[in-house]
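Please review the briefing below alongside the sequence and the model.

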Amino acid sequence: MRYSQALMPTLKETPAEAEVVSHRLMLRAGFIRKLTAGIYTYMPYGLAAIRKVENIVREEMNRAGAQELLMPMVQPADLWRESGRYEKYGPELLRFHDRHERESCLGPTHEEVITDIARKELHSYRDLPINLYQIQTKFRDEIRPRFGLMRGREFVMKDAYSFDVSDEAAQVSYKKMYEAYRRIFIRCGLKFRAVQADSGAIGGSFSHEFMVLAATGEDTIVICTACEYAANVEKAAIKPVENRSDELEKDLEKVETPGKRKVTAVCEFLGIEPDQLVKTMVYQADGKPVAVLVRGDREVEEVKLKNLLGVADVELAGDKEVFDATGVPTGYLGPVGISIRVVADQEVAAMKNFYVGGNEKNHHMKNVNCGRDFQPEHIADLRQITVSDPCPDCGGTLELTEGIEVGHIFKLGTGYSESMNAMFSDKDGVEKHLVMGCYGVGVSRIVAAAIEQNHDENGIIFPVPLAPFTVILLNLGLQDKEITDAAEMLYRELQDAGVDVLLDDRDERPGFKFKDADLLGVPFRVTIGKNFVKNGLVEVRQRRDGVTEEMSPSDVLASLPAKIAAELKN
């Protein structure tokens, strides 16, 4: 590609709308242009990077035995009603009526459509297993689209769906996709971790998110420094607490705590530590109150609570809601004699002689014991993990870090096939529900995540596999025939060697061209200028580390394609 003929409108200044590094650099490098909130045009340079990701994804999906198809973006509402997700999915699902008043939606994902295909086309165990995928535009009506391609409303996604005869067979398919995803992100040159995650609106019993580690990530993940354990904080498991100590249970007492409602104030007044007190937090679970018990220095993990209760939504109750449900002011509520259902974190069940609210204004209780003084409906892991907790797998040290979700795989089971009656006949002729899995990759988000992880003060530093061009060739002597002829020759020869080359043949100052080359993040810069006329040498500079060499054009042709090929194999 000749720069003089390319639509690559770089910007010197950062647009006011840019919020994170990738957004800023994608706008400045002419990757994207905003059409409206959360919706962008992929300009030629940006689209070229996305195509590089698509090619890697497609190669690895095909290698794993998946088959590509393409499903409609517009989906009938009736399918979503069959699965039960039409209302459950919420306002991110963009709904509309056509001219015949038929209700439809723009697809944020395609579980319903693929299940409809499966129930029509897959009838026998002989048809299974099968994995079908597509690379397609999705639309989710985000309430606050932000960060450019990181949290847009319209985006490019690869979504795949597996169908199997049993849970055991589905686990094999899941493992294949897990390994395929690892290969995808390794080939993209990303630093990532596969983390255990909550299944969210997609559903299913088990899932992993693939997170690119970056300071600007929207998700906090917990990773072990000693083993491969990693999990989203919402899903991070906490090791079961050991049995309670041999301390004798003491007599229950009520103590006066005038005006002391907050944990800190109560502890200071009573001369105790927060780990000796149990908080009673009231949540509305699908509109019904439930009391949740956690230690005074802990916080409730709402996703764990939602999953335990099997509800669609949990929300911390306000002061009025607490009083209406219990008759007790906020800050003095406790589990002893409470009128609403109670669930407790596993840590609470292991405590002895702790303090709680007294269910009376200005009062608390001491020497409270679970099982003797109250009995929770459930005891489970309900709190947020901290860095002081041991790794649930190996007992090692945990770290909290930020990550960008670029892939998510789900073991769906039979939820969709049951609701939509997708059946097959097994070897004995018995009708059974198809066992499903689904697997998503944010293709356009990978490009943004790669930039978040690979940049400096001058611009993007593309990993070779994702770079739209691997070499930018700067002609610094447009009026000099010897320089221009050499540039043209090197341009043609590199292209013939299979190298993606951008020839900067613009009539611009050298400094301007150098700045654009750094901004665009092209891995290798080859400069032909006065030194070629004097000594027959050109300059080759690596964008990532700034290492610069001078060599003849023939040496460039002999070494550069091989170096690029080696980078692509890693």
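Asp286 counts as partly exposed because its relative accessibility is 45%, where partly exposed lies between buried (under 20% relative accessible area) and exposed (over 50%), with a 1.4 Å probe and protein chains only. This is a predicted model, in which local features need pLDDT of at least 70, side-chain atom pairs count only at pLDDT 80 or more, and totals for chains, interfaces and linings use all residues. Residues are numbered from 1 along each chain as its sequence is written, and side-chain values use heavy atoms, with hydrogens and water left out.

**Asp286 and its surroundings**
- Asp286 sits in the loop between strand 14 (278–285) and strand 15 (288–295); strands (E, at least two residues) and helices (H or I, at least four) are DSSP runs numbered from the N terminus.
- Phi of Asp286 is near 50 degrees, a positive value in a residue other than glycine.
- On the surface, Asp286 gathers with Glu302, Asp313, Glu315 and Glu321 in a patch of negative charge. Such patches take residues with over 30% relative accessible area and no salt bridge, like charges being joined within 9 Å; a salt bridge is a side-chain nitrogen of Lys or Arg within 4 Å of a carboxyl oxygen of Asp or Glu.

**Other backbone features**
- Asn353 also has a positive phi, near 55 degrees, and belongs to the loop between helix 10 (346–349) and strand 18 (354–357).
- Asn353 is buried, with a relative accessible area of 9%.
- Leu128 and Pro129 are joined by a cis peptide bond, with omega about 0 degrees.
- Pro129 lies in the loop between helix 5 (111–121) and strand 7 (130–139).

**Domains**
- The domain assignment, automatic or from a database, gives domain 1 (13–236 + 400–452), domain 2 (253–380) and domain 3 (469–569).
- The centres of domain 2 and domain 3, taken over C-alpha atoms, are separated by 67 Å.

Notes: Patches are made of residues with over 30% relative accessible area and no salt bridge: like charges are joined within 9 Å, nonpolar side chains (Val, Leu, Ile, Met, Phe, Trp, Tyr) within 5 Å. Accessible areas come from the Shrake-Rupley method with a 1.4 Å probe; for residues, only the protein chains shown count as cover. Lys and Arg count as positive and Asp and Glu as negative; His and the chain ends are not counted. The place of a charge is taken as NZ of Lys, CZ of Arg, CG of Asp or CD of Glu.
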